[in-house]
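Subject: Structure handover

Hello,

Here is the structure for you to look through. My notes on it come after the display.

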Amino acid sequence: MPANKIKKVILATAPRAGGEIEMAGLPFLGVGYLASYLEKNGYEVKIVDTHKENLNESEMAEKIMSFEPEAVGVSANTHNRFRAIEAIKLLKKKNPNLLVVVGGPHFSLTDKDALAVVPEIDVVVRSEGEVAFEELLSTWPDRERLKNILGITYRDENGRIVANANRPFLMDWSELPFPSWHLYNLSEYRKQIHGTDFRTIGVISARGCPNHCTFCASPDNSVMRLRSAKNFVDELEFLNKKYGFEGFNFWDDTLTVIKSRVMEICQEIIDRKLDIKWYARARVNTVDKEMIDMMKKAGCIRISFGVESGSPRVLAVVKKNIDLSQVDFATRICSEAGLVVSLNFMVNLPTETMEDLRMTADLIKKLKKIPRTEVGYGFSLIYPGTEMEVFAKENGILPKNFSWNSPFQTKKYKMIGADPGIPYMEWPGKELEVVKSFMVKNLMDRGEIFNKTWRKLKKIKSWSELISLVKAGAVYLRSK
């Protein structure tokens, strides 16, 4: 690294947003991998986990600047993008010469819009960032040489926004060092796998997913890049022995894509006699009894499947590539093995009819009867870079020139418990009130409905909120 180039770097997560995701309370791995790669290449790095510390934008900027960095990398998702942008503006106000780089799934998918709307952002590092970010740090501020760095979007010397070609994926990322766990205060991370009482940490064995669901917002989901089973279990053992973590949240989009690899990972855990418990995400068309029994033996206690819909037609529309017999089979073999099974559905999916919705409600009721099975549903949210976003623009649900980085707030977010900054899938005849009333009427008994309504009444703080609740009740009474 040239002696006159950037040396001091802060990597930060963005402040939490409403309707925040399940990873809250666990170290985010993206900044950890970036930090370890930069440390390996001689940089002085610190991590500011704004998300974990629950700092606001001003507190985040103050803490970052207290370290006097030369460059800051901010990672954000679509939920907390506005809070990230506000913090970035504060950072630039404090030091206009500070190099501000953004990454993570949101900015990777909205790179040009972000630079057009937010002048305080200097560079977007798209998708996998380890190598690109290091090359950027060693090149900045020579804008002429930036054109040689794959996977970044920036402004050239004339202020024109330039998106360089994508960077090829690192296919065997066992080559990367473990995340810089020493830069987190790991004693403060105490999230648990739901239903347990032991400390849990997030880990990942593979990047990417070979599936193409229309609602998925991953910027690099089509190509899987694997760590070796040995390398992955080395990290589990390290975190268990050095930091005392007993629980692990496997963050792979789909752990079970390759059966032989799952079996190899499980055998490594068993051979090392690691006394750990873990939670994995899977697809119903990728599991069988032999695999599930092996996972259970190796410490898996909980598994989740995205089912999305009880309508075969809608499953085809969203390119889920599963059938309902696979849903029933996967749920039963996991339940019989003693795993807690979490099944997740979505409503307000594109082109969904009330008959499709009825099929979803009927399937949820059926699956709830299987022991150790938990079933939930959520309203479809629109994310950048998805086929669902294309559908929304083609059908007038989103403006064709919608900007993901300009101010935006939905009007009905309180009703569905979602982040106000994320647009929802809604069209005439399938308004959120109609769909929610249908699902409540079909899935909850009168006692549950009364208790839920009473809790909402006690939280009302204004006439407008009371009127909204009364209107929702009227829709419920009219629904079939």
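Below is what was found, from the whole protein down to single residues.

This is a predicted model, in which local features need pLDDT of at least 70 and side-chain atom pairs count only at pLDDT 80 or more, while totals for chains, interfaces and linings use all residues. Residues are numbered from 1 along each chain as its sequence is written, and side-chain values use heavy atoms, with hydrogens and water left out.

Overall

The protein has 19 helices and 15 strands. These are DSSP runs numbered from the N terminus: helices are H or I with at least four residues, strands are E with at least two. Of the 480 residues, 54% are buried. Buried means under 20% relative accessible area, exposed means over 50%, and partly exposed lies in between, with a 1.4 Å probe and protein chains only. Among contacts (heavy atoms within 4.5 Å) with a separation of 6 or more, 72% are between residues 24 or more positions apart.

The open sheet

An open sheet is formed by 6 strands in the order β8-β11-β12-β13-β14-β15, with parallel pairing. Two strands pair if DSSP finds at least two bridges between them. At the edges are β8 (200-203) and β15 (373-379), each of which pairs on one side only. Neighbouring strands of this sheet are turned by 20 degrees against each other on average, direction ignored. Axes here are lines fitted to C-alpha atoms, for helices over the stretch in contact, and angles run from 0 to 180 degrees between N-to-C directions. Within the sheet, β12 (residues 277-282) and β13 (residues 300-308) are joined in the parallel sense over 5 bridges, and alanine 280 stands opposite isoleucine 303 in β13.

Helices on the sheet

Helix α9 packs on the sheet and touches β8 and β11 (247-250); the direction of α9 makes about 145 degrees with that of β11. Glutamate 235 lies in α9, which covers residues 229-243. Is this glutamate 235 buried or exposed? Glutamate 235 is buried, because its relative accessible area is 2%. The side chains of glutamate 235 and tryptophan 181 are joined by a polar contact of 2.9 Å. Such a contact is a pair of N or O atoms within 3.5 Å; within protein, one must be able to donate a hydrogen and the other to accept it, and residues adjacent in sequence count only if both atoms are side-chain atoms. Not counting residues up to four places away in sequence, glutamate 235 touches Tyr33, Phe178, Pro179, Trp181 and Arg227.

Helix α14 (residues 354-367) lies across β13, β14 (340-347) and β15, at about 170 degrees to β14. The buried residues of α14 are Asp356, Leu357, Thr360, Ala361, Leu363, Ile364 and Leu367. Seen down the axis of α14, they fall within an arc of 165 degrees, so they line one face of the helix. The arc is that of the directions from the helix axis to the C-beta atoms. Their cover includes β13, α12 (312-317), α13 (324-336), β14, β15 and α17 (432-443).

Strand β3

Strand β3 (residues 71-75) is largely enclosed by the rest of the structure, because 4 of its 5 residues are buried. Strand β1 (residues 8-13) runs parallel to β3 and is joined to it by 5 bridges; valine 9 has alanine 71 in β3 as its bridge partner. Strand β4 (residues 99-103) also runs parallel to β3, again with 5 bridges, and the partner of glycine 73 in β4 is valine 101.

Regards
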